[in-house]
Structure formats: C-alpha cells, structure tokens
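Please examine the sequence and the structure shown below.

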Amino acid sequence: MDFSSWRFGLGTTNGAKRLAVQMATGAEPICLSVPSGISDQPMSEDETITGAINRAKAVLEALPEAQIGLGLEGGLMYDDRFTHQWYLISVCAAWDGRQLFLGKGLSFPMPHLAAERILQEKIELHTVIDEWGKTTNSNHRGGAYGLLTNDQVRRADVFRDAVIAAITPFHSPFY
C-alpha cells in the first residue's frame, strides 16, 4: 500500500521512531513531542500501551492536518508465568479520531543486569545501553536492540513492524 499521500502525526521527535514511520509508510510524519502521561521508563505492557495511546490521541488533537495520530512507546514487561524474564517491548497506537488500533513489535529478552539497574537506580533503559555501548542517545538510533544484536536488529526496525501492524486496518479491505 502506498501511504506517501497520507498525513501521519507522530507524538514524538525521536529519530528512531521517525525513521520507523518513514520505513513503514514511505511518508514523512509530522513530528510533535506530546506527553505520554506515563513514567519515563514504562515497566509493564499496560503502561507501555497506555503511553502509546495517549501520544496518538494527543498528537492527532494537536495536528488537525494529520489523518492518523501515531503513538510509539517502548517499555519493559516482566513475564512472571513462563520465563521469569524481563522483555523489551515496542508498541504503536494508531488513532484516526474514531478507531484505535495497536501494533506490537518484537518482544526481546533483556539482560537481568539491565533490568536490575533500572529498578534499583530508577533510570531509563537508554542510560544503561549508553553506558554499555559507550555512546549517547542510543534510543534515537539502534537502541538496546542494536547493541544486543550487534545491529542485526535496530530500534527503528522493531517500531516499523509495530507501525505496519497498527495502520493496516485503516487500509486493508479485510477490516
């Protein structure tokens, strides 16, 4: 599907998320930083989804020229049932003022040491990844995915898939 004529509002100015929307749609999103209404480091799937929805709705309200508001939110969630492991998750909420759809990217296991530091020190994941990768602003580029996979998977790749999943119902005849 050619989305190049669609107007997407993106509720952040984050470079990796902007690239994800470009890769998913072929369109340049209108980027505007809007509040997520959640903590800086979401620590559950519900909180991550809530942040994505809040961003999608806020950006569409703030940008009347946009057809669809997109909220992209990354967070951590703990699987207390099967693996007893922390996972990095990526969510896209797509909102056109009437319908809301969610798309999710890859769920990726996180090293225990990263999760322990985040919980104990009350810091964001990108702080740990910046330290481990000896860089800054990793969350605007490859992120944790890039560091842990030696750039086989990058943050924009995972969010791209979430964007595709969230916007598909707006154009597919099967919905």
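Asn-139 touches Asn-14, Ala-16, His-126 and Arg-155, residues up to four places away in sequence being left out; contact here means heavy atoms within 4.5 Å. The model is a predicted one, in which local features need pLDDT of at least 70 and side-chain atom pairs count only at pLDDT 80 or more, while totals for chains, interfaces and linings use all residues. Residues are numbered from 1 along each chain as its sequence is written, and side-chain values use heavy atoms, with hydrogens and water left out.

Asn-139 is located in the loop between helix 4 (125-133) and helix 5 (143-148). Helices (H or I, at least four residues) and strands (E, at least two) are DSSP runs, numbered from the N terminus. Asn-139 counts as buried because its relative accessibility is 19%; buried means under 20% relative accessible area, exposed over 50%, and partly exposed in between (1.4 Å probe, protein chains only).

The largest nonpolar core has 20 residues, of which Phe-8, Leu-70, Leu-72, Val-163 and Ile-167 touch the most other members. Such a core is a set of buried Ala, Val, Leu, Ile, Met, Phe, Trp, Tyr and Cys residues joined through side-chain atoms within 4.5 Å. At least two residues of this core come from each of strand 1 (8-10), helix 1 (15-25), strand 3 (68-79), strand 4 (85-95) and helix 6. Helix 6 gives the most, with 7 residues. Leu-72, apart from its neighbours within four places in sequence, is in contact with Leu-10, Lys-17, Ala-20, Arg-55, Val-91, Cys-92, Phe-159 and Val-163. A second, separate core of 15 residues includes Trp-86, Leu-88, Ile-129 and Val-158.

Most residues other than glycine have a negative phi. Lys-122, although not a glycine, has a positive phi of about 55°. Lys-122 is found in the loop between helix 3 (112-121) and helix 4, and counts as exposed because its relative accessibility is 71%. Asp-151, likewise not a glycine, has a positive phi of about 65°. Asp-151 lies in the loop between helix 5 and helix 6 (155-171), and its relative accessibility of 44% makes it partly exposed.

Finally, Leu-147 lies in helix 5. Leu-147 counts as partly exposed because its relative accessibility is 35%.
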